[in-house]
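Here are my notes on the model you asked me to look through. Please keep the structure open beside them as you read.

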Amino acid sequence: MIAIVDYGVGNLFSLASSVRSLGAEVRVTRSAEDLRAADHILLPGVGAFADAMDKLRATGLVPVLREQAAVTPLLGICLGMQLLFDRSSEYGDHAGLGLIPGRVCPLADDLADPALKVPHIGWNALHIAPGRADDPLFRYVKDGEYVYYVHSYYAKHCAESTLATSDYSIPVTGAVRRGLVYGTQFHPEKSGDTGLRLLRAFAEL
């Protein structure tokens, strides 16, 4: 069973539909018991970091997610990936889940080409980091395949956890991993066949 965390933030229908299309059992939930019983956990998210963390805390699931992250494969998607990090600089300074070392920072502050638009929206090639092509998340995905992004902030200071990047005048952190904890800044559920293959690989972990 794959549990999708429902905390009032995220495109749950699209993600659940994508995972069900793979033949997996899906449960959209805010139940601690469901998360403890799950074989895999998906943490989606859209919107602002601080608001998302407040809503996640309100569910009472933060300690459960930290507990399960040590024993159950967990994938954070878009803002859900950002919540995995230590802190975010989005409209202040805010603590995240602390499951992956690093900080989420404004993309606009670091772009080498200031003419590029923020948010970064659209398809971009995924560049798998050296030595990471054999990660099981990429079992069905090759270097250079295109994935779909929608974001204004990105993860920094996380080189040891970075699985892949995409170029947007700078290398933008696209996928990360620490132990059983994974994250994708892009949306697999909006990334066509490539995204479905990545979700299939995650479901097979």
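The points below go from the whole chain to a sheet, a helix and a single residue.

1. Basis of the notes. This is a predicted model, in which local features need pLDDT of at least 70 and side-chain atom pairs count only at pLDDT 80 or more, whereas totals for chains, interfaces and linings use all residues. Residues are numbered from 1 along each chain as its sequence is written, and side-chain values use heavy atoms, with hydrogens and water left out.

2. The chain as a whole. The chain holds 6 helices and 14 strands, where helices (H or I, at least four residues) and strands (E, at least two) are DSSP runs numbered from the N terminus. A compact globule of 205 residues would have a radius of gyration near 17 Å, and the 16 Å of the chain agrees with this; the radius is taken over C-alpha atoms, and the globule rule is 2.2 Å times the number of residues to the power 0.38. Of the 205 residues, 53% count as buried, meaning under 20% relative accessible area with a 1.4 Å probe and protein chains only.

3. The open sheet. Four strands form an open sheet in the order β6-β5-β7-β11, with mixed pairing; two strands pair if DSSP finds at least two bridges between them. The edge strands, each pairing on one side only, are β6 (94-95) and β11 (153-156). Strand β7 (residues 100-106) runs antiparallel to β11 and is joined to it by 4 bridges, and Arg103 has Lys156 in β11 as its bridge partner.

4. Helix α3. Which residues of helix α3 are buried? In this helix, which covers residues 49-59, they are Phe49, Ala52, Met53 and Leu56. Because they cover an arc of only 100° around the axis, they lie on the same side of α3; the arc is that of the directions from the helix axis to the C-beta atoms. These buried residues pack against β1 (2-5), β3 (40-43), α4 (62-68), α5 (79-83), β5 (85-88) and β6. Just after α3, Gly60 takes a positive phi of about 80°.

5. Asp34. This residue lies in helix α2 (residues 32-37) and is buried, with a relative accessible area of 16%. Leaving aside neighbours within four places in sequence, Asp34 is in contact (heavy atoms within 4.5 Å) with Met1, Ala3, Arg27 and Thr29. With the side chain of Thr29, the side chain of Asp34 makes a polar contact of 2.7 Å, a term for a pair of N or O atoms within 3.5 Å of which, within protein, one must be able to donate a hydrogen and the other to accept it, while residues adjacent in sequence count only if both atoms are side-chain atoms.

Terms used: Buried means under 20% relative accessible area, exposed over 50%, partly exposed in between (1.4 Å probe, protein chains only).
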